[in-house]
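Please look through the structure shown here before reading my notes.

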Amino acid sequence: MTTLSRKCVPFTPFDGDLSKATVAIVTAAGVHLKDQDPFNIADELGDLTFRVIPEDVDSSHLMVTHHHYDHADADSDINVVFPIDVLRDLKEEGFIREIARKHVGYMGYTMQLKAMYEGTAPEIANEIDKGSRADVVVLTGG
Amino acid sequence: MRGVPTVLITVSPEVSAQMRPPRALYPKGFKIGNSLGRPGMRDLQRTVLRDALTLLTQNTRPGEVVTREYAEYGEQYEPPRVKSK
């Protein structure tokens, strides 16, 4: 029997038009810029930090630090977990209007669920809320 | 802080469903590490991302994970199961 979260579903309606929407990506797949600090995979409790990825990032400058899934495919094409170039294609074809100014990568493995839920998650939401101009967020895991 | 609408692309639908995401897409049979498809499959990646975004405009049930099939992905994988207690 699967246990469902008893928290209410944080459903925010979207009553807009995708062709007028600005889209951000938030990924738990451990994605970050090669010149940013990697996530701390040595800590068995996980890493509660996150990295902000700019809109104009060259996808070849991104990498994955995560030891709880096989990221060989993401190493050869980051878009399989962080679809930034795919999002650019959708902008080009007019499916969406704009790419958000900021995106976020974090390492979605933690033994500190409460700290992740009550600390990291709202911090990421705040980061997206201030200055990214995102109307909607696409979330991905590993 | 105002809320921002989200849509999740998950390859662990049972695990994700436990957290009752507002909107979620499970591309059936995609393995962990392949949320959008395989490397270089840009057409498929675009299709999956369009489908995920389109859930924002549809009358989905909050907490439910929507499953879609993508034949072009090729070999399918079994998603991780939630261990029963």
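Predicted model: local features only at pLDDT ≥ 70, side-chain atom pairs only at ≥ 80, totals over all residues.

1. Residues are numbered from 1 along each chain as its sequence is written, while chains are lettered from A and ligands numbered from 1 in the order in which they are written.

2. Chain A holds 3 helices and 7 strands, where helices (H or I, at least four residues) and strands (E, at least two) are DSSP runs numbered from the N terminus. Read from that end, the elements of chain A follow the order β-β-β-β-α-α-β-β-α-β.

3. For 142 residues, a compact globule would have a radius of gyration near 14 Å, and the 15 Å of chain A agrees with this; the radius is taken over C-alpha atoms, and the globule rule is 2.2 Å times the number of residues to the power 0.38. Along the principal axes, the C-alpha atoms of chain A fill a box of roughly 45 × 40 × 30 Å.

4. Of the contacts in chain A between residues at least 6 apart in sequence, 81% join residues at least 24 apart, a contact being two residues whose C-beta atoms, placed from the backbone, lie within 7 Å.

5. How many residues does each chain bring to the contact between chains A and B? Chain A brings 41 residues and chain B brings 40 residues. On the side of chain B that touches chain A, β1 (6–9), α1 (13–18) and α2 (42–54) of chain B each supply at least two residues, and α2(B) gives the most, with 7 residues.

6. Strand β7 (residues 136–140) of chain A runs parallel to β1(B), and 4 bridges join the two; strands pair if DSSP finds at least two bridges between them. Here A:Thr140 stands opposite B:Ile9 in β1(B).

7. Helix α2 (residues 84–92) of chain A packs against α2(B) at an angle of about 75°, with the axes 10 Å apart. That makes α2(A) roughly perpendicular to α2(B), a term used for angles of 65 to 115 degrees. In this contact A:Val86, A:Leu87, A:Asp89 and A:Leu90 of α2(A) meet B:Arg42, B:Gln45, B:Arg46, B:Leu49 and B:Arg50 of α2(B).

Note on methods. Axes fitted to C-alpha atoms, helices over the stretch in contact; angles between N-to-C directions. Parallel < 35°, antiparallel > 145°, perpendicular 65-115°, else oblique.
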